[in-house]
Amino acid sequence: MTDADASTLRTRLLDITTGSRETVTDLTGECESFLREAAAGRDGLLNVFVPHATAGIAILETGAGSDDDLLAALGDLLPADDRWRHRHGSPGHGRDHVLPALVPPHATLPVIGGELELGTWQSVCLVDTNRDNPQRKVRLSFLG
């Protein structure tokens with residue numbers, strides 16, 4: 001039996017409430033909790049995926065202003081105005097559908113010894129600019 005034969009896939013679906021404003025939601029704690037059970041001390045990969053057309057996953061520092069800076073930069077790049085061809089929902093909602101081209105709906109991260117290998121200030125975050133959809137799903141999958 002090779003290591004590839006011994007690999008297993010474990011998955012968990014998170015329900016996240018983002019509310020009615022643009023948000024960056026730190027998912028690092030949920031990822032670590034999932035890995036304690038799913039990885040059980042093994043090496044592998046964690047995939048974080050948001051199955052929505054208007055949200056993304058980012059790896060960034062939180063709590064020191066970077067999360068607000070990201071939302072401000074996205075506001076500059078993707079203004080919530082009437083320029084968008086995709087029109088329904090809140091004004092500027094078309095820009096929410098462009099977001100995943102800049103902040104992809106997934107991230108794959110190394111897991112070593114059952115622990116997420118993040119840099120000192122890195123966090124796993126859900127980025128959601130869509131004020132019309134306050135409920136999100138995030139799928140965590142561990143392969144190891």
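User: Is Glu115 buried or exposed?

Analyst: Keep in mind that this is a predicted model. Glu115 is exposed, because its relative accessible area comes out at 55%. The residue is found in strand β6.

User: Which patch does Glu115 belong to?

Analyst: Glu115 is part of a patch of negative charge on the surface.

User: OK, and salt bridges? How many turn up in the whole structure?

Analyst: The search finds 6 salt bridges. One of them joins the side chains of Arg12 and Glu37, with 2.7 Å from N to O. That pair links distant parts of the chain: Arg12 lies in strand β1, Glu37 lies in helix α2 (residues 28-38), and they are 25 residues apart.

User: How accessible are Arg12 and Glu37?

Analyst: Arg12 has a relative accessible area of 25%, so it counts as partly exposed. Glu37 has 54%, so that one is exposed.

User: What about Arg95, which side chain does it meet in a salt bridge?

Analyst: Arg95 meets the side chain of Glu22, at 2.3 Å from N to O. This pair also links distant parts of the chain, since Arg95 is in helix α4 (residues 94-102) while Glu22 is in the loop between β1 and β2 (23-26), 73 residues apart.

User: Is Arg95 buried or exposed?

Analyst: Buried, because its relative accessibility is 3% and the cut-off for buried is under 20%. Glu22, at 21%, counts as partly exposed.

User: Which residues are linked with Glu22 in a network?

Analyst: Glu22 is linked with Arg95 and Asp96 in a network of salt bridges.

User: And Asp81, what does it form a salt bridge with?

Analyst: With Arg83, where the closest N and O atoms are 2.6 Å apart. Asp81 is partly exposed, with a relative accessible area of 25%, whereas Arg83 is exposed, at 52%.

User: Switching to the strands. In what order do they sit in the open sheet?

Analyst: The open sheet has 5 strands in the order β1-β8-β3-β5-β6, and the pairing is antiparallel. β1 (9-17) and β6 (115-116) stand at the edges with a single partner strand each, so one side of each is left without a neighbour in the sheet.

User: So what holds strands of a sheet together in general?

Analyst: Strands of a sheet pair through backbone hydrogen bonds, in either a parallel or an antiparallel sense.

User: Back to this sheet: how many bridges does β3 have with β8, and how many with β5?

Analyst: Strand β3 (residues 44-49) and strand β8 (residues 135-143) pair over 5 bridges, in the antiparallel sense. On the β5 (residues 106-112) pairing there are 6 bridges, and β3 and β5 run antiparallel too.

User: Can we put residues on that? What stands opposite Asn47 in β8, and what in β5?

Analyst: In β8, Asn47 stands opposite Ser141. In β5, Asn47 stands opposite Thr108.

User: And which residue in β8 is the bridge partner of Leu45?

Analyst: That's Leu143, also a leucine.

Note on methods
Residues are numbered from 1 along each chain as its sequence is written. This is a predicted model: local features need pLDDT of at least 70, side-chain atom pairs count only at pLDDT 80 or more; totals for chains, interfaces and linings use all residues. Side-chain values use heavy atoms; hydrogens and water are left out. Two strands pair if DSSP finds at least two bridges between them. Helices (H or I, at least four residues) and strands (E, at least two) are DSSP runs, numbered from the N terminus. Patches are made of residues with over 30% relative accessible area and no salt bridge: like charges are joined within 9 Å, nonpolar side chains (Val, Leu, Ile, Met, Phe, Trp, Tyr) within 5 Å. Accessible areas come from the Shrake-Rupley method with a 1.4 Å probe; for residues, only the protein chains shown count as cover. A salt bridge is a side-chain nitrogen of Lys or Arg within 4 Å of a carboxyl oxygen of Asp or Glu. Lys and Arg count as positive and Asp and Glu as negative; His and the chain ends are not counted. The place of a charge is taken as NZ of Lys, CZ of Arg, CG of Asp or CD of Glu. Buried means under 20% relative accessible area, exposed over 50%, partly exposed in between (1.4 Å probe, protein chains only).
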